[in-house]
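Student: I have a structure to read and I am new to it. Could you take me through some of its features?

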Amino acid sequence: MRLRKLEMQGFKSFADKIELIFDAGITGIVGPNGSGKSNIGDAVRWVLGEQNARQLRGSRMEDIIFSGTQLRKPLSFCEVRLTFDNEDGALPVDFSEIAVTRRVYRSGESEYYINRNSCRLKDIVDLFRDTGLGRQGYSIIGQGQIHDILSSKPEDRREVFHEAAGIMKYRARRDEAERRLENTRRNLQRLCDIMDEMELQLEPLRVQSENARQFLTLSERLKDLEINRFLRLSGSLGVRTAHLNERARELTEAHGAGERDRIRIEETLGEHRAALMESDEEVGRLQQQVMDIREQLSQRRSRRDVLTERLERMQSENERISAE
Ligand code: ATP
C-alpha cells in the first residue's frame, strides 16, 4: 500500500484546490517557516478521522476551514481526499485504489466518503485499523511528539507498539466482545428481575386463569341452554303459526262470503232506491192531483155559494111576488 495523492480544498492555508502527487522516491516536503508543511500533516490526520481540534493545532474544528486573508474571503467548507494504491490488498476491500474523503461545513455538518460512496467515520477508522495509518497510528508523528512518546508512561507507549504489531484489531474485538458480554449480563439480570416479578404475579394469574376456565365452561353451557330454548320456542311458534294460518284462511273465506252478501244487499238496496224514487214521483203526482181537486172544490164551493145566494134572493123575490 502506497500513498498516491493528497487533494485539499479550503483546508487551513490551502484555500484553492491543491493536488499533491506522491510518486516513488518522494521522502519529504520542504519549505520556509509558515508555508504550510504541518498543515499537510494535519490534513492527513484529519481525513483519517481525527476528532480532536487540538491535535490539529486549533481550538475548534471550525479552525481548519480557510479563515480568509486581507485579500480573500473565508470559505464555508473544506475538503481533503487521500488516495492510496491498494494493489497489494493491504486494505481489506476489493479495490486497487482507495480514496477517503472528509468534508466539513462551518455549520458543523460533516461528510465522509470511501471511493466517493458516503459512509460513516467508523467505516474509515475500521478500514485503516492495524495498518498503522489510523488516527492514532504511529505513522503520523507531529512536532514534539517523539519526545512525548519517549517520555510518556509505559502503558501509553505500549498502545503505539500494539498498533504497530497489528493487535489493535484483536483488542478492539475483545473490547467489543466484553461490551457485548456486559450487555448480555445486564440483560440476564433484567430477565431474572422480570422472572421474579412474574413469579409474584403467578398466583393471581392462576386464580384469573381458573376464573377464565370456569367462565368458558359456563359460557358453553349457557350457549347450549339458549339453543335448546330457541328450538323449543321455535317448535311452539310453528304450531301457533299453523293455527293462525288456519284461522286466517277461515276469516278470508268468511270475508269472501260477507263480501258477496254485501254486494247482493247493495243490489237489493239499489232496486229499493229505484222503487222509492218511483213512489216519490207517484206521491208528487198524487199531491198535484189533490191540489188540483182542492182548487176545483174551492171554485165549486164559491160557485155554490154564489148560486145559493142567488137562490135565496130568487126565493125572497118569489115570496114577495107571491105576496103581491
Ligand atoms: P513551521 O515550519 O514553522 O512549522 P509550517 O510550514 O509547518 O511552519 P504551518 O504551521 O503548516 O507551516 O502553517 C501555518 C500557516 O497556516 C500560518 O501562516 C497560518 O496563518 C496558516 N493557517 C492556519 N490555519 C489557517 C486557516 N484556518 N486559514 C488560513 N490560514 C491558516
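**Salt bridges along a helix**

Tutor: Arg-285 and Glu-282 form a salt bridge, with their closest N and O atoms 2.2 Å apart. A salt bridge here is a side-chain nitrogen of Lys or Arg within 4 Å of a carboxyl oxygen of Asp or Glu. Before going on, note that this is a predicted model, in which local features need pLDDT of at least 70 and side-chain atom pairs count only at pLDDT 80 or more, while totals for chains, interfaces and linings use all residues. Residues are numbered from 1 along each chain as its sequence is written, and side-chain values use heavy atoms, with hydrogens and water left out.

Student: Where do Arg-285 and Glu-282 lie?

Tutor: Both are in helix α5, three residues apart, which is about one turn of the helix. Helices (H or I, at least four residues) and strands (E, at least two) are DSSP runs, numbered from the N terminus.

Student: Is Arg-285 buried, partly exposed or exposed?

Tutor: Buried means under 20% relative accessible area, exposed over 50%, and partly exposed in between (1.4 Å probe, protein chains only). Arg-285 counts as partly exposed at 47%, and Glu-282 is partly exposed at 35%.

Student: Which side chain meets Arg-249 in a salt bridge?

Tutor: That of Glu-246, at 2.7 Å from N to O. Arg-249 is partly exposed at 41% relative accessibility, as is Glu-246 at 36%.

Student: What about Glu-259 and Arg-262?

Tutor: Their side chains meet in a salt bridge of 2.7 Å, N to O. Glu-259 and Arg-262 are three residues apart in helix α5, so they too are separated by about one helical turn.

Student: How many salt bridges does the rule give?

Tutor: The count comes to 32. Some join into a network, which links Glu-7, Glu-79, Arg-81, Arg-103 and Glu-111.

Student: Which side chain of opposite charge is nearest to Arg-102?

Tutor: For charge, Lys and Arg count as positive and Asp and Glu as negative; His and the chain ends are not counted. The nearest to Arg-102 is Glu-50, 7.4 Å away, and Arg-102 is buried yet has no salt bridge. Arg-102 sits in strand β4 (residues 97-105). Its side chain reaches the backbone oxygen of Trp-46 at 2.8 Å. That is a polar contact: a pair of N or O atoms within 3.5 Å, where within protein one must be able to donate a hydrogen and the other to accept it, and residues adjacent in sequence count only if both atoms are side-chain atoms.

Student: Which residues come nearest to the ligand?

Tutor: A residue is near a molecule if one of its heavy atoms lies within 4 Å of it. Of the 16 residues around the ligand, Gly-34, Ser-38, Asn-39, Asp-63 and Ser-67 come nearest. A polar backbone atom of Asp-63 is 2.8 Å from a nitrogen atom of the ligand. A polar side-chain atom of Lys-37 lies 2.9 Å from a ligand oxygen atom.

Student: What is the phi of Lys-12?

Tutor: Phi of Lys-12 is near 45°, a positive value in a residue other than glycine. Lys-12 lies in the loop between β1 (2-9) and β2 (18-21), and is buried, with a relative accessible area of 13%. Asn-115, in the loop between β5 (110-114) and β6 (117-119), also is not a glycine and has a positive phi of about 50°.
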